[in-house]
Amino acid sequence: MVHTRKPNPCLEATVSLAIAPVAHKFGGSSLGDAKRIAHVADVLTARSDPAQVIVVSAMQGVTDALIRLVRVASEDGSTAEGQLDLLAARHRQTAFQLLGEAHGELVERLWRDWNDLTAALRTTALLGHPSADLLDYVQGLGEVWSAQILTALLRARGEDAGWLDAREVLVVERGPLGVGVDWARTGERLARWRERQPLPARLVVTGFIARTSDGRPTTLGRNGSDYSAAIFARLFGARELHIWTDVDGVLSADPRRVPDAVLLPALSYEEAFELAYFGAKVLHPETMSPLVKLGTPVYVRNTFRPEHEGTRIGPDPVPGPGPVKGLTIAPDLALVEVIGSGMIGVPGTAERVFGALRAAGVSVVMIAQASSEHSICCTVREADAARAVQVLREAFARELEAGLIQSITAEGGVAVLAAVGDGMAGHPGTAARLFSGLARAEVNVRAIAQGGTERNISVAIRQEEATRALRAVHAGFWLSPQTLSIGLIGPGQVGSELLDQIAAAAARLRAGKQLDLRLRGIAGSTRMHLAERWVDWPRWRSAYVESGLPVDLDAFAAHIKAPHLPHAMIIDCTASAEVARHYPRWLAEGIHVVTPNKHGGSAPLAQYLATRAACTRAHWRYEATVGAGLPVIGTLRDLIDTGDEVHAIEGILSGTLSYLFQRYDGSRPFSELVLEARSRGFTEPDPREDLSGMDVARKLVILAREWGREIELEDVALEGLVPDPLARLERDAFLERIHELDALLADRIHGARGRGKVLRFVARVDAEGARVGLAELDQDHAFAHLKPTDNVIQFTTRRYCDNPLVVQGPGAGTAVTAAGVFADLLRIAQALGAQP
């Protein structure tokens, strides 16, 4: 038993206990059935609290069922009694499951309530309508039943437990600001209750219900059990209150709207009040009001994960990782606006506006006024908008007639987004981050309000844009500014290797560079996978294999451009001209594009210029289109950006052709070398894609355009290695006749060797034009002696005139190409926050 001192009603109407108890409150979801009630008992008995005050709601769904009973009884008494039988059977079954054969005594007590309720329902059926007092009485019975069930279970486990019907002690009255506690009378009644019986170590109290000063049963309204918990925590001098729910605590935003919402370890009372006012699922301000003066902390915790500490709400501000603690949306509002030059400098106008709304019972959610005093606007519940406009037009009828006020209007479909945090006070840049997030999400702000404490910034926006706005603003405050929503098109050899490389580096990049790479989509030629949040990097193959969506590049891009993530990127690892045609639109929408696909950079000039022009909101990087992982394009950019003049660009740009002509000396047929290279994977399945020289021509166009030359692919003088008759054959037929290349190539190699030259497949662009084909080079030329598959690019410039700048290395291969794409991704990540 807990020893007590004599109560003193003058001291905050509390019962003074030798040991301050810990108060707990369990909602309906925690008490849904026998299994959950047993779990609640486990949670309570596992704790080391010296004493407990346990406030309970009705079992899940019971309060609504009781309200329906009364309403049905006014129309059909027999149906109502049948529904009551089902409700009683549910409680009897719960008692039996928890107590076994010992449940009889408890059920006998509950039967008295059920018999009384049956009589009340019959009376309602006779009268044809329920009285307000009856409804208040009936809807509070669920708490009476659940309190007795939990108490009986605790006693059956050998615990010192008892229960208190809150109607015996709690006296409340309804006023303009809601339900208020008569602390003096409540304290007196509690003291008398205490005199009649010893206080058990675990006292179970009914939530939600009370009595009025004249003794009538009443309720505390929705969320009333939370309020009850705070009241009884104060009455018993609890050192802390734990509100047990079905969530881990208070989150930074509604997780249904923001998948990346995070658990908040601590809030101040004021932060919780602000969030609750705008509809966040925190505690209602009424819940905390009894505890504020005493500074009693409140913990919001998960019944089903009791090992988690949840969120602590207390009197003192607790610094967080940033200035904002939470974001919330108040939906279903309307923006009411009063506009008129006659309001300028006229005192009392605002009082008339809000006085008229108050008289009409219209609650104002947010207020904003222009500094010119030309307009006043406020948000109200959308259901009240028409009434608000009507009463304001009546209040300002003379001013409207005289033209002093031009218009009084309401715009529906509005929501208010509120950012809340004690850390916002005196923290420069908070508003800028909020509006930057809204701008990134392309959300227009209709009205703005900020309190003098700087604890809250609220903006009125279109309700249809609310989720997009909330996600974008949340990302701006909680996510790394280098968080990318990534979609990959083309999970073939290079694409697969790239995903594997990123998977191996993702954790290191996130920990060391704050680079958060989120794979949210993979698209192939026929199907695609779109992840609601992201694909676990190591599992990307299985996620893609299991995908069943037909590929739709527009839907793919829309998904990747996630409004709740700061940046979006599409990586195109295809060789598709069709995919490249999407680049201008993606870039214009703010989606970064990284690719080894040469069809973008060598596309028809109009398409290329449109792609470049679209790079105002996003980056386009394509280093791997020339030289795979070699820094070719980056080197050329650096030369130009630093003011050098390029005179010529020359190189061996095909790893396949580099390999072939490094080995071809005329001792073996050229076709034999080609087939050998094909068997080793050094050529495309159809070697003509390499031998035609078209791939090299595309690379040369890309370099020429990077230099500033506006050339088309057709402007390149291309000398391929495949004669037209062989070019028109099917692949297998070509492979059968590939030996027809030998004579031509034998003549070329013998001629070159006779002149002391080597034969190489070279691309060159200079003032005279662009050309690709076989060239005879001196033995000491930079291109004469390369390693197999090497690419080499030579830049002749004003600075590098006599001794050209040479970039050389492996220019082909899955791993190095993927690495080149990965490097472009990282370059964009480094540039995030700057203009592309």
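User: Is D500 buried, partly exposed or exposed?

Analyst: Buried means under 20% relative accessible area, exposed over 50%, and partly exposed in between (1.4 Å probe, protein chains only). D500 has 28% relative accessibility, so D500 counts as partly exposed. The model is predicted: local features need pLDDT of at least 70, side-chain atom pairs count only at pLDDT 80 or more, and totals for chains, interfaces and linings use all residues. Residues are numbered from 1 along each chain as its sequence is written, and side-chain values use heavy atoms, with hydrogens and water left out.

User: Which residue forms a salt bridge with D500?

Analyst: A salt bridge is a side-chain nitrogen of Lys or Arg within 4 Å of a carboxyl oxygen of Asp or Glu. For D500 the partner is R541, with the closest N and O atoms 2.8 Å apart. R541 lies in helix α17 (residues 540-545) and D500 in helix α16 (residues 493-513), so the pair ties together parts 41 residues apart in sequence. Helices are DSSP runs (H or I, at least four residues), numbered from the N terminus. R541, at 43% relative accessibility, is partly exposed.

User: How many salt bridges does a search of the whole structure find?

Analyst: The search finds 43. Among them, R510 and D516 meet at 3.5 Å, N to O; R510 is partly exposed at 48%, whereas D516 is buried at 5%.

User: Which residues are linked with R764 in a network of salt bridges?

Analyst: E650, D766 and R771 are linked with R764. Between R764 and D766, the closest N and O atoms are 2.8 Å apart. R764 is partly exposed at 24%, and D766 is buried at 8%.

Conventions
Helix = DSSP H or I, 4+ residues; strand = E, 2+ residues; numbered from the N terminus.
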